[in-house]
Amino acid sequence: MAQKKFHMGWFLNFTVDEWTEPHAGLGGNPWNGKFYVEVGQMLEKACFDYMMIEDKLIVSEAYGGTSEVYLKHGLMAPKHDPVPLATTVGVMTQKLGVVATISTLGYPPYLLARACSTIDSLVEGRFGWNIVTSAEDFAAQNFGMEKLPPREQRYEMADEYVDLVNQLFDSWDKDAVVLDRESRTYVDYKKVRPIHFKGKYYSCRGPLNTVPSPQHRPVYVQAGGSPRGRDFAAKHADSIIAVANGVQEMKAYREDIRARAAKHGRNPDDVKVLYLISPTVGATTAEAKEKFRRIVEHPDYIEQSLALISFITDIDFAQFDLDKPLPGKLTTNGESGSLDKFQQWGSGKTLRQLCVDEAGGAVSSIELVDSYANVAERMADAMAEVGGDGYLITSPSHRVSRRYVSDICEGVIPILQRRGVVRTEYTGKTLRETLREF
Ligand SMILES: Cc1cc2nc3c(=O)[nH]c(=O)nc-3n(C[C@H](O)[C@H](O)[C@H](O)COP(=O)(O)O)c2cc1C
């Protein structure tokens, strides 16, 4: 029996490109967005479902108690707003979905619903919202709070938030715009209503003041790692982005999500779980291994990996001995799924080994350091074992370059296409249709 097709997404941030390397696109100056538009066009040629733009709202000092490493290397900062970038990429492409991360901590619900609706119209139904609650105390302090609320409360707030924005999207019936010249009626006012939402954390009168967008509401993307997070994602998301340690964990996570979605009365097939991977590819296995060796032996690599994991967990990894295993199992009020992926508790690996692991530290759900053909084969075989739904690619070097995008889009994807396991054309018009095609 032919293998079911799987979906492809790309994960990046609106930050500096591979600016210290020969293949630097704009040498660390991608701020007019043109580099990312080109990346989007390459992804569209390769028939990716969506480009997902990660976001954070701080300059971190998590690593070593200072912003030095982050700012010196341009790592996770500077970082520009993904919302206008997603809009620009969406306007400059025709089929690719564009997903922007927007934090419920930072945006009032009304403004978020209005921005999402406006962008979904501008990009003709291809917009997605990556729902995050933010995971750092510094982010809370940028919005007038002293500390990040605990995880359970963040999700309770986010549940209410999403309920509110859903009501705002529904405050206009789909057919409210009648555009009737004869009666000179643009909108039938009887089809637009206030929502009078009064919750524990948010209240809003409504209605929204935008016309219903092509998707009515954007595609919802979410990454829930903890049990509470998984439940939130299974309840709301059209696509879940996740990181796991190997095929068995991927399979178990997806099954858990599907069961939770069914419990919420949803069709589990409407929730596409995409796993983060960061392949390193070459013409031969030896070439790929050599490339990977050069990435992880770069003098900055370990420090940047530790700074990155410190950033997303609010744990200072500068305090641990590089050549010993971690002193105990770590927990976080930040990104727990990524922490568990990174620390591989029980593996006995030293911190240095965790950073240079072939499964890509915190980011690659399976090991993919090999020739184009072998990476494609491993991706297809692993997905068959997991049962679906797809992958989210990110670069192993913490930076994106045109060369890396080409390695995947022009090196790996055509092999997967010939095997019949990924898309060769878009048949749907909106991102939701694209995601639900198979
Ligand atoms: C692939 C992936 C991408 C994520 N992208 C972001 C992001 O852009 N911004 C953000 O604040 N958090 C991001 N997160 C963190 C999640 O939103 C969430 O906080 C995290 O998965 C922890 O979930 P948990 O609290 O349920 O364990 C991401 C997580 C994963 C696994």
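## Helix α3 and its cap

Let's start at the beginning of a helix: D81 caps the N-terminal end of α3, with a side-chain oxygen 2.8 Å from the backbone nitrogen of V83. This is a predicted model, where local features need pLDDT of at least 70, side-chain atom pairs count only at pLDDT 80 or more, and totals for chains, interfaces and linings use all residues. Residues are numbered from 1 along each chain as its sequence is written, and side-chain values use heavy atoms, with hydrogens and water left out.

Helices (H or I, at least four residues) and strands (E, at least two) are DSSP runs, numbered from the N terminus.

## Salt bridges

The whole structure has 31 salt bridges, each one a side-chain nitrogen of Lys or Arg within 4 Å of a carboxyl oxygen of Asp or Glu. One of them joins the side chains of D159 and R228, at 2.8 Å from N to O. This pair links distant parts of the chain, with D159 in helix α6 (residues 151–169) and R228 in helix α7 (residues 227–236), 69 residues apart. D159 counts as buried, at 15% relative accessibility.

K191 and D175 also meet through their side chains, at 3.1 Å from N to O. K191 sits in the loop between β6 (185–187) and β7 (197–198), and D175 in the loop between α6 and β5 (177–180), so the pair ties together parts that are 16 residues apart in sequence. K191 is partly exposed at 23% relative accessible area, and D175 is partly exposed at 43%.

Then there's D270 with R436, where the closest N and O atoms are 3.7 Å apart. D270 lies in the loop between α8 (246–263) and β11 (272–277) and R436 in helix α15 (residues 431–436), so this bridge ties together parts 166 residues apart in sequence. R436 is partly exposed, with a relative accessible area of 40%. Both residues belong to a network of salt bridges that links R217, D238, D270, R432 and R436.

Definitions and conventions: Polar contact = N/O pair within 3.5 Å; in protein donor to acceptor, adjacent residues only side chain to side chain. Buried < 20%, exposed > 50% of the residue type's maximum accessible area, 1.4 Å probe, protein only.
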